[in-house]
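My notes follow the order given below.

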Amino acid sequence: MLEMLFGRKMSFRVLLLVLSGLSCRAEEDVLDVLEGQDVVLKCRFSPELSSTDSALSWIRSRRTGEHDNVVIGDRTFSLGYAVNYAPGEGIYDLIIKGTSYERDNGNFECRKVESGSGKRLHTSTVELVVLLPPGAPNLSPANPILTESRPFNISCASTGGSPPPVITWFKNNEPGDFNVVYEASRTRDQPSISTLIVSPSKEDDGSEFKCSVWNRAIAKEQTMEEKTTIFVNYFPRITVGPENPVRVERDETAELHCDVDSKPSVTEVKWMRNDRFINVNFKHLIPRANLKDAGTYKCQADNGLGEIGEQELELDVLFAPEVSVPAMREFGENEEILIHCNVTANPPAHSVVWSKADDPEFRQVGSPLRLPGSNSAAQNNGLYTCTATNVIQPTNKQKMERTGNATISIAVKHAPGATFILPEKPTVLEGGRVTMECGSKPPGYPLPEITWWKDERSIVATGSSFTLDAARLDSGGKYYCQATNIMGTGSVAETLLQVYQEPKLDIKLKSTIVKRSGDTGYHIACSAIGKPKPKIMWFKNGVEIDGSTSNLYQITVPEQEVRSNEAYNVLSTLKFVGPDRISKDHLMATDRGEYTCRFENEVGVAESVMLLRIEHSPVVRHQHNKVAADQGETAVIACRMQAYPSIRFEWSKGNSLLTDRPPHSMTMTELGDDIFEGVLTISHVDDSTYGEYACKASNQLGAQKTLITLQPKGKPEKPRDARAVEVFSDSLMLEWDEGFNGGYNKTTYNVEYKKIGGGSAQYSDCRWRNPCNITGLEQNTKYQFKVKAVNIRGDSDWSRDISVTTAVDVTKIPQPEEIFYESSSKTVFFNVVNYPMGLVAKIELQNPDETWRPHARLGMNDRTYGQMDIAEPDITGIRVRLCLGTDESLCGEYGTAEIVEVRETKYSTAGLPIEGVIAIAIFAVLLAIAAIGLVIKCCFCSTPKPKKLTKDDIAGPNRLQNNHNTYNYDNKGVSAKDTADSPDVIKSQMYGYNYAPSVATAQTPAVGYDQSSSTSNNGGSVNSQDSLWNVKHPVTGMPVDPSVNGYIGAGYYGEQYTQQYNQYNQYNQPQQLQQQQYNYEEYPHYPNPEEYIGDRNRAYYPNGDVYAMTNKSRSRLDSDYSPYGDVSGLPDPYTGHDISDELRNQDMSLSQDDSAPPPEGYSTPSRRVIREIIV
């Protein structure tokens, strides 16, 4: 086998076709062989052809074009060839020994030819390829520089190679359909050349071209490659912008960009406009572009390759609308008015609107303006403005709206109308200038002549304005004017001119007054004249003195009558009189200060200042009589005294007078306000230095002595008088009086605060700040605050607690939601989000002039919705807002109602998935089955019981009458027997649980605590069940007052419930008033439930509540005695079982856990029985 001969897989096939044993055709086969190897070329034909006289031969065709016979018959004509000659068997194989490229590389044809005729009986051809590896590829030229659009050849040559190599081209590692010319080699030394014809473009610049060389003599992995990069010089490509067209607003700078992409690059461009050269820069700027700059611009670039790049750019100059109308047009009465509005704009205006001055309702869209002649002259007369609007968007900017307008005065001949004077209330200062204007509405055309006069038709001026250059007081008074033209005369207008005078001091205070402490009857006075009447105010050291509340001063201002147009003369006296003074009228040292009398009116202020100095003996003015210093330190003891005249300080310790020599030094400083500070400095403190030092100050009026203790440094003293100076919704400013700091100036302060009624304590480090801002608080919440001081020696005690309630944050008051006014039912509906404080809804209706008027207020009572019937006709608008019930001036935002015929209900089962509906249905069925089972058990499974007590034994006789009021609800099947005599009622009275009546909730009349739902009309009695019914069944929807209903004691709900109830009562007053409008019979003769027992008995109930659960177990008292005897062992008259165990268990449970709350609606049975028996 050839595979075994050559050690490699060979491709060999000879196809012989015999047609009728006479003719055949063969396909060429290719046989690869390595040089020097032996090979057998097989030739097979039909043995039947051997009977024909014919000749066999092998013919060799070299690639150089030479042909020769190497074997004829069994005779060979060249060395290295042999033949396997067996024609009878159809075998004629050529054996080649030691193949060589020069001899054997070519085609070998096996031919059988009929003798004589030369007819080919058989032929088959084998292409024998003597494999030779190709030479390495050689690309030329290397890295060529090309010019765009000019064809260029790149050749890839590989020498030798058999068969001729396959040369493949790649561009950027991608094969392609390239224009290639291939010339294969014919000899071992001749190269095979593949020529790539390139027509370069800009995109080819920098592209990599690669040729690969391979033939069958080498493996695919041995493919040889060669690469080259081409560089393309390309013509200019021009991009203009920043967009095309470029849009610029008029009078703004236009920027035209010309970006050039070329190789080689260009350093300049050529801008052309209307075939004129204008610039060489890449950016062409046009400052303050106008309409003549709009149009086409060309940018050209040339890089010397023979082709010039060019691009056009449009400049679009945008501008706001320019509107033009005639300045004025005159028309006769009843003449139709037509005015055209001429608008030019880029882009064109999208809106043209006419408006009229002083008539905001007038609006006409489009041009021209048309006014019918049927309108009155006054209606058509006036200034009309044509306003045009367009929207521009310059390049790289946002859209902007631009407007332009022009105004025309339309004058229709008419008489002046109602005359007026401006200002309506003219005022002027004495000596000042004032101008009054007179006009008419309508003004009249032709322009009228205006006449001014004062008082009795004395003409003072003509013209539309009247001016007083220097007004006097007597210039005030009434002024009149009237307009007249050829069409008629207007009305007469009048105004009152007020001439004012700034306050001028008539009597001034002396600059300085010296008085002595103890002087009596002292007063000061000052006066001023002015118009309007000046208001007098007195101040001491900048703080106003309120004569109506002061206990130290009295202010008098006598009344004076003044003639018209004359100034007021106001005299005021400040008397140093008051109950807080010694003998009511003595001067005191504290009267020292700066006193000011100030006169004010609408036009000015005048004031006089006086310094009052009081001669008095010294008064102590320092805060603490303690000073601290440690041993070895310097102690500074300061003593402040106030006195006038000046004082002298003396220092002593014990009985020893101290002198100004070491270790002591003494100084005195005047601090102002007649306060003097004497300072004793001790240079070195030791143990003997500590103690009390006497500071004595004296002047000719007396002396004052105070003791100041020098002590070692220590902890600070606690602050005092903590107080809130500013309160907000989430913060407050806390201030306090600082105690002695223990000798450390850097004493800091801590504040502890917590919610009253719950909440852990929180702390705020105020450092040295006093007052201190406490933040992070909740609105409308009561907090407890206390302060302590801290230094390096320790903490002071806490100050006394104070309670402060934060303000309400109005921004958090909710706005009503989903507000609808249902016109079919004349009802307004709205929802309210949950809010912790009681709210009142204020409903307002809209007036025809679009103002609002109050209509009603509705207490929300913690409800999340509200509704109210509004019977007023022609409702055009409704709005609702929520306000605090405690302060209705604090309100949230308004919500406006949507007016609908029928309000759509918000909730429906359509929103539920089918699974949810099924689940609800199953739950309802199970609940119904459980209820039926409970009824069956209660009704049919009870066992015989012992004899029961009667209702009279326990609850007293029946007081119900048959002639009761039904209150319009269906009481079918309900009788006195079914109510008062029913076992459930008696058991509820006996055990204290809340028995629900058989009347449906919706049918129960809504009555208050002062109303009766009793069926009795006989006036009742203290034993009547009616009072009990009122106690047990309060008004539906109202919270249960623990002190009223007898079923929930104060010991159970505690303070929180009481606060909620009080809050409810506070916010629910309007609702209660509304409920009281029901016309139900009252029973004021019924006593309060608390009145059923004496004060002695009530004392043993929690908080005085006769029905409340007891908080603690107690021993039996004499007051617990029942006239009916001990009922603890009696059986339940309707169940038959002994109730004593039940009562005993309840007592035990109460004694075991005082804090455990009883079951809701359940009171102490034993006390309940005793109470009922007493009743």
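I began with the pair Cys-766 and Cys-772, which a disulfide joins with an S to S distance of 2.1 Å. I note that the model is a predicted one. For the link of Cys-766 and Cys-772 I read -85° about the S-S bond, and the link is left-handed.

Next I asked how many disulfides a search of the whole structure finds. The search returns 9 disulfides. I recorded two others besides the pair above.

Cys-43 and Cys-110 are joined by a disulfide, with their sulfur atoms 1.9 Å apart. I looked up where the two residues sit. Cys-43 is in the loop between strand S2 (39–41) and strand S3 (54–62), while Cys-110 is in strand S8 (residues 106–114), so this pair ties together parts 67 residues apart in sequence. The torsion about their S-S bond is about -75°, and therefore the disulfide of Cys-43 and Cys-110 is left-handed. I found both Cys-43 and Cys-110 to be buried.

My last entry concerns Cys-639 and Cys-695, a disulfide with sulfur atoms 2.1 Å apart. This pair links distant parts of the chain, with Cys-639 in strand S53 (residues 635–644) and Cys-695 in strand S58 (residues 691–699), 56 residues apart.

Methods: Residues are numbered from 1 along each chain as its sequence is written. This is a predicted model: local features need pLDDT of at least 70, side-chain atom pairs count only at pLDDT 80 or more; totals for chains, interfaces and linings use all residues. Side-chain values use heavy atoms; hydrogens and water are left out. A disulfide is a pair of cysteine sulfur atoms within 2.5 Å. Helices (H or I, at least four residues) and strands (E, at least two) are DSSP runs, numbered from the N terminus. Buried means under 20% relative accessible area, exposed over 50%, partly exposed in between (1.4 Å probe, protein chains only).
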